[in-house]
Amino acid sequence: MEKQLPQNTNQVSLLNRIQSASKQAIEMMNEIIWSVQPKNDALDMLFIRMRQYASEILEAAEIAFKFEVLEFTGIVDLPLDKRKDLLMIFKEAINNLAKYSSASMAHIEISVNKKQFGMTISDNGQGFNPFELSTGNGIKNMKERSERLNAKISIDSTPGLGTTIKLTIPLIT
């Protein structure tokens, strides 16, 4: 039950920020709970989670998408901390795509072999100039997480031509 509050602009702005922060905290807690469950240690469970998340976010934004696991050789487990960082990079990329791209189509490709995990997320959206300073934390957070993963991340975008994010994580089997 919501109570009616005065429509003071400062109060509304503060309440919106509190609501947004609370929602983010709940989402992070859900990701932590999912990540620590032993049944989710295998990469195939991570792929299911990623596909489900992409479906929820992109379909709500009316963006068609294709999710492909191109190569998956052998059983490779990622430690909890790496799995969490990988999932957070994926979620940030999908959220940015849904919020800012104005795309009609997205393509998510994953490949895993004994030596590396690869992920490419591309869209046909409006793109952006990656050399312009951004006030948001999304790209910065993806880069910091990729460093923790000892991974390479590239974000290629051109205004009017869409965006492609590539992540490559070396694996030790």
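Mentor: Five strands make up an open sheet of mixed pairing, in the order S1-S2-S3-S5-S4. The edges are S1 (64-72) and S4. From one strand to the next, the twist averages 10°. Keep in mind that this is a predicted model.

Trainee: What makes S1 and S4 the edge strands?

Mentor: Each of them pairs on one side only.

Trainee: What pattern do the elements follow along the protein chain?

Mentor: The pattern is α-α-β-α-β-β-α-β-β. That gives four helices and five strands.

Trainee: Why do S4 and S5 count as paired?

Mentor: Pairing needs at least two bridges. S4 (residues 152-158) and S5 are joined by seven, so they pair. The two strands run antiparallel. Ile155 has Ile165 as its bridge partner in S5. Ser157 is bridged to Thr163.

Trainee: What lies between S4 and S5?

Mentor: Three residues separate the two strands of this hairpin. Gly160 sits in the turn, with a positive phi of about 85°.

Trainee: How do you know that S3 pairs with S5?

Mentor: Count the bridges again. S3 (residues 116-123) has seven to S5, and at least two are needed, so this is a pair. Its direction is antiparallel. Met119 has Leu167 as its partner in S5.

Trainee: Which way do S1 and S2 run, parallel or antiparallel?

Mentor: Parallel. Eight bridges join S1 to S2 (residues 105-112). In this pair Phe65 stands opposite Ala106.

Trainee: Why is Thr163 called buried?

Mentor: The cut-off is under 20% relative accessible area. Thr163 has 10%, so it is buried. The residue belongs to S5 (residues 162-170).

Trainee: What surrounds Thr163, beyond its neighbours in sequence?

Mentor: Its contacts include Ile121, Ser122 and Asp123. Gly127 and Phe128 also touch it. So do Ile155, Asp156 and Ser157.

Trainee: What makes the link between the side chains of Thr163 and Ser157 a polar contact?

Mentor: The limit is 3.5 Å between N or O atoms. The side chains of Thr163 and Ser157 come to 2.8 Å, so the distance qualifies. Ser157 is therefore both a bridge partner of Thr163 and a side-chain polar contact.

Trainee: And Lys82: why is it called partly exposed?

Mentor: Buried means under 20%, exposed over 50%. Lys82 has 26%, which falls in between, so it is partly exposed. Lys82 lies in helix H3. Its C-alpha is 6.1 Å from that of Leu149, although 67 residues separate them in sequence.

Trainee: What about H2?

Mentor: H2 lies across S1, S2 and S3. Its angle to S1 is about 170°.

Trainee: Which residues of H2 are buried?

Mentor: Among them are Leu43, Leu46, Phe47, Met50, Tyr53 and Leu58. Arg49 is also on that list.

Trainee: Which residues have the most contacts inside the largest nonpolar core?

Mentor: Met50, Leu58, Phe90, Ile108, Phe117 and Met119. The core has 35 residues. H2, S1, H3, S2, S3 and S5 each give two or more residues to it.

Trainee: What does Met119 touch?

Mentor: Its contacts include Met50, Leu86, Ile89 and Phe90. Ile110, Ile165 and Leu167 are also among them.

Trainee: How much of the protein chain counts as buried?

Mentor: Of its 173 residues, 34%. Now look at contacts with a separation of 6 or more: residues 24 or more positions apart account for 69% of these.

Note on methods: Residues are numbered from 1 along each chain as its sequence is written. This is a predicted model: local features need pLDDT of at least 70, side-chain atom pairs count only at pLDDT 80 or more; totals for chains, interfaces and linings use all residues. Side-chain values use heavy atoms; hydrogens and water are left out. Buried means under 20% relative accessible area, exposed over 50%, partly exposed in between (1.4 Å probe, protein chains only). A polar contact is a pair of N or O atoms within 3.5 Å; within protein, one must be able to donate a hydrogen and the other to accept it, and residues adjacent in sequence count only if both atoms are side-chain atoms. Contact means heavy atoms within 4.5 Å. Axes are lines fitted to C-alpha atoms, for helices over the stretch in contact, and angles run from 0 to 180 degrees between N-to-C directions. A nonpolar core is a set of buried Ala, Val, Leu, Ile, Met, Phe, Trp, Tyr and Cys residues joined through side-chain atoms within 4.5 Å. Lists of a residue's contacts leave out its neighbours within four places in sequence.
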